[in-house]
Amino acid sequence: MKNSVRNVYLLPYIIWIGLFVVAPILLILYYSFFDIDGNWTFANYKTFFTPIYLKMAASSVWYAFLITFFSLLVAYPTAYFLTKTKHKQLWLLLMILPTWVNLLLKVYAFLGIFGTYGLANAILETIGIGTKQILFTDFSFVFVSVYIFIPFMILPIFNSLEELNPTLIDAARDLGASAWTTFRRVVFPLTLDGVKAGCQAVFIPALSLFMITRLVAGNRVITLGTAIEEHFLVTQNWGMGSTIAVFLIIAMAIVVIMTGNRK
Amino acid sequence: MRKLISLFAAVFFASFVLLYASALLNKTEGYSGKNTLTVYNWGDYIDPVLIKKFEKQTGIKVIYQTFDSNEAMMAKIAQGGTTFDVAVPSEYAISKMKEEGLLIPLDHSKLPNLKYINPRFLNLSFDPGNKYSVPYFWGTVGIVYNPEMIGGKKITSWNDLWDKDLRNQILLVDGAREVIGMGLNSLHYSLNDTNKKHLQEAKEKLDRLTPNVKAIVGDEIKMLLVNEEAAIGVVWSGDAAEIIAENDKLDYVVPKEGSNLWFDNMVIPKTAKNIEGAHQFINFMLDPKNAAQNAEYVGYSTPNEKALDYLPKEVTEDKRFYPDFESVGNLEVYENLGKRMLAYYNELFLQFKMHRK
Amino acid sequence: MRSNKKWATVYLVFVFLILYTPIIYLIYYSFNSGGMMHDFQHFTLKWYQEVLHDTRLWIIVLNTLTIALLSAAISTILGVIGALAIYYVKKRHMKQLLLTLNNVLIVSPDVIIGASFLILFTIIGIQLGFTSVLLSHIAFSVPIVVLMVLPKLQEMSPTLIDAARDLGANQWDVLTKVILPFITPGIFAGFFMALTYSLDDFAVTFFVTGNGFSTLSVEIYSRARQGISLSINALSTLLFLFTVVLVIGYYFISQKSSTLYGMRGRRK
C-alpha cells in the first residue's frame, strides 16, 4: 500500500527535478571543464584552489553564517511573541508584506537611511553618540541582509511554535523549571524542525549574495556570488563561473547532510 | 482544507482576471498588432514622447524592452529566442557583437539623417565606416568631486586622487576597464594596453589607492554622491551631468592624463524581424530635432551636430560635457582586447577588490 | 508574566518599525518634487500622475502579478507533492539526495539559473515570453515550498495516519482529511515565500523573457543606470497600499465568515 503512495508523489516531483535541477547541474558541470577559449581543461578547478578564491569561499561562508545567526536571533523571539498575540495571522502577514516591495528600492532606501546625513545618523546625533559611518561596513551589510531574509526565518519557526502543545510548557513549569530552562529543554528542541528549515532557507541563498554586497557593502565584502556574476556576465568565462557554482552546490550538500534528520 | 481550496481558487481566478486585463491593455496599445518594432535599450534612455511621435509618424507599434548591462544584453541576443529589431549597446560591446556575427550591416541609403552626426564621432575603431552602428549618445569617464568637502582643492588629474588627504573619500564605479584604465592612464599608459607588466604596475598602483577608496559601487553612485556620502567619484559623464543637476556643489573634470571616450550606438541585431522599420527608427532618432529632444530628456551628450542648434546654450557650451577636443588630453575608445586579455583585466580587478580587506 | 507581555509588545513594535522604516521612507519620497530620494523639496502628486498615464508600466505590473500568483500557486502544489515524496522515502541516503537536489536551485546564483534555463528553453524550443517566465518561476519556487512544508510533515505524528486508517479512511481521505489540514500552515508559508521569490526575481526573468514581456523587477533594475525615477516610488506605494488593504480585508472577512458558520473553536 505504502509503495503505491510513494510512487504517485515521486513521479511528478522527479520529473520536475530531472528537468529543472539535474539538467542545469549537468550543464554547469559540463561548462566547468571548459576554459575561456572553449578547450577542455581542469584549469578552472586548479584556479579555484588558489588563495583568492579560497579566501572568497571562506568569506562567503562566514557572512552567510553571520546572517543566519542574526536572523535566527531576531526571528525566534519575534515568532514567539507573534504566537501570543490576538490576530496572529494578520500580524504575521503584515510582517511579510514589506518583502514584496522591490529589493532594489528597499536597498536604495537603506542607502538614504544609513547615509551620513540620513535618518539613522540623525537619531544617533540626538541621543548624543554622533554621526558614524554606517554604510559600507560589515554591520550595514549584515543588517540589510538580515532584513531581507527575516521572513524566511520567521515563517517556519512560527509554524513550529504554533504546533507546540502549551500543556507541555505548563507541565515543565509545574515541575519547577525556570523560564530559561523551559525554553532550552522543552520549547527549543520541539521547534528544531522549524529552526532548521529557516536556517536552510537563509544560509543557502546567503552564500551567493552579490547584489547586496555591492549596494550596501560597496564591494568590501566579496562573496562567491560576486565572482560568479562577473565571470558569467562580464568576462563571459562561463567555465570558471560554473566551477565556482559547483563548489557552491557541494557546500550546500554538506549543509543539508549536516543538518539532516536523524529520525 | 476549505481554506486551502478557497485560497487557490481565489489565486487562479485573480490571475486569469489579470491576464485578461493585460491582454486587453496590450490590444488597446496595439502591441499585438502586425506592424511592430522591438527596441532593446537601457532603462529610461529614451524620451517616451519620442516613441509615441515615431508611432504616429510611421504607424509602427514600438515594443520596448530594457536591459541593465551590455553583457546581459549580449548574452540574450547571442542565445537566440529573441526578436529585437534595434538595440543600443556600448562601443566595446559592438566590437564583440561584430566578431560573433550578431549584427546586420546598416543600409546607409535608408539613413539620410546620418549626415547630421559630428564626423568626429563617425568611423571609429570599433566600427570602421559605421557599417553596423550609428552613435546614439556619447561621453567620457572622469572625476566628479565636491570641492567643499575636500577643503576647496581642485582636481585635474588622475594622480590627484592618490593624495594622502583624500582618505576614504573616493567612490569608484564597478567596472574593470574603467578602474584598471584609470591606473594605466595615471602611469601614462594607454587604456588599451595589453602588456602584462604594465597591467601589473597599474594594479599595484591601484592597491596604493585603496586607503582612499570608500566603496566600489554601481549605478547607486549617483545617489551617493548627491547625498554627499563621499567627496569624489569616478563616473561616466552622463552620470556626472545628472549628479550636478541634483547637487550643484559638485563639479566634473576629465583628467588631463587622458581618459575613455564611450559611445552608445544603435545597431540592428541579426535576429531582427522588421529591418525596414528598424532603419526608419534609427533615421527618426537621427533627426536633429528628435535627437535634441532626446538629449534634453536623457541628459547625456548627443553626437548629433545639428541637434546642438536646438539645445539651450548653457548645455552646449558646457565644456565639461561638450569638450573641445583639442584641449582635452588623450581620449581613447576602448578596443576589444579579446577574451583572454579581458579575463586578465577582470582577474586583476577582482584582486584589487579583495585587496581592500 | 504581566511584564513579559509588555516586553513582548515593545519588541514586536520595534521589529515592526524596523521592517517598515524603508517602506515609509519610499512612500515619503514618492511625494517629493525634487527628483531623488534626498532633500525633500515640496509635496507633489506629479509622480502619481506620471504613473497613472504610463500604460506600458501597468501592463508590466499586471504581468508581474499574474506570474507571481500563478507561479506561486502551481509551485505550491508541486512543492507539496515534493515534500510528500521526500517524506515517504524511507532510505536515508535517498532522502538526503532528494533534499540536496531540491536545494540546488536555492543555492545557485540567479545568473546561473537564468543562463541554464535559457539554454534549456532554447533546446526544447519554448518561445521566450510569458510561458518561459512562468515555468522558470515555478521551477525556482518549488524548493522553498518544499522547505516550508517538510518540517510540518515531520512534526506530524504518524499515529494520526494510522488512526485514520483504522477508522476506515482510504488514501484520498488520509491525504485530504488528515495530512493536508495538518500541514496547511506550511502550505501557506510556502505559498507566500514563493510569491516573494517571484515578485523579487530579476536575473532569471531577465534571461528567459522576450517578446516584450517584462516584469516590474526587470523594469526597475533596468532603470538603475539612469536613476530610478520617483514614479517607481509612487507605483510601489500604490501596490503596497493595495496589498495592505487586501490582506486586512481578507483577514477580517475570513474571521467574520468563520464565526458566522460557528466553525471556529480553539483549533489547537
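Me: To begin, how far apart are the end C-alpha atoms of residues 90-114 of chain A?
Reply: This is a predicted model. In it, the end C-alpha atoms of residues 90-114 of chain A are 30 Å apart, and the span is 72% helix and 0% strand.

Me: Where does UniProt list a "transmembrane region" in chain A?
Reply: The unreviewed UniProt entry gives that label to residues 12-33, 61-83, 90-114, 134-158, 194-217 and 237-258 of chain A.

Me: And what about residues 134-158 of chain A, how much is helix?
Reply: Residues 134-158 of chain A are 84% helix and 0% strand, with 31 Å between the end C-alpha atoms.

Me: Which residues of chain A does the domain annotation cover?
Reply: According to the unreviewed UniProt entry, "domain: ABC transmembrane type-1" covers residues 57-259 of chain A. Over residues 57-259, chain A is 76% helix and 0% strand, and the end C-alpha atoms lie 20 Å from each other.

Me: Let us move to the contacts. How many residues of chain A and of chain C take part where these two chains touch?
Reply: Chain A contributes 73 residues and chain C contributes 70 residues. On the chain A side, the helices that each supply at least two residues include helix 3 (51-83), helix 7 (138-163) and helix 13 (238-258).

Me: How many residues does the contact between chain B and chain C take from each?
Reply: The contact takes 41 residues from chain B and 39 residues from chain C. Strands also feature on the chain B side: strand 1 (36-42) and strand 2 (61-67) of chain B are among the elements that each supply at least two residues. The largest share on that side, 14 residues, comes from helix 1 of chain B.

Me: What classes do those chain B residues fall into?
Reply: The side of chain B that touches chain C divides into 19 nonpolar, 13 polar and nine charged residues.

Me: A change of topic: which way do strand 5 and strand 6 of chain B run, parallel or antiparallel?
Reply: Strand 5 (residues 170-173) and strand 6 (residues 213-217) of chain B run parallel, joined by four bridges. B:Val173 stands opposite B:Val217 in strand 6 of chain B.

Me: How many bridges join strand 5 to strand 7 of chain B?
Reply: Three bridges join strand 5 to strand 7 (residues 232-236) of chain B, and these two strands run parallel. B:Leu172 has B:Val234 as its bridge partner in strand 7 of chain B.

Key. Residues numbered from 1 in each chain as written. Chains lettered and ligands numbered in written order. Predicted model: local features only at pLDDT ≥ 70, side-chain atom pairs only at ≥ 80, totals over all residues. UniProt positions renumbered as here; feature names shortened; annotations may be inferred. Contact = placed C-beta atoms within 7 Å. Nonpolar A, V, L, I, M, F, W, Y, C, P; charged D, E, K, R; others polar. Pairing = 2+ DSSP bridges.
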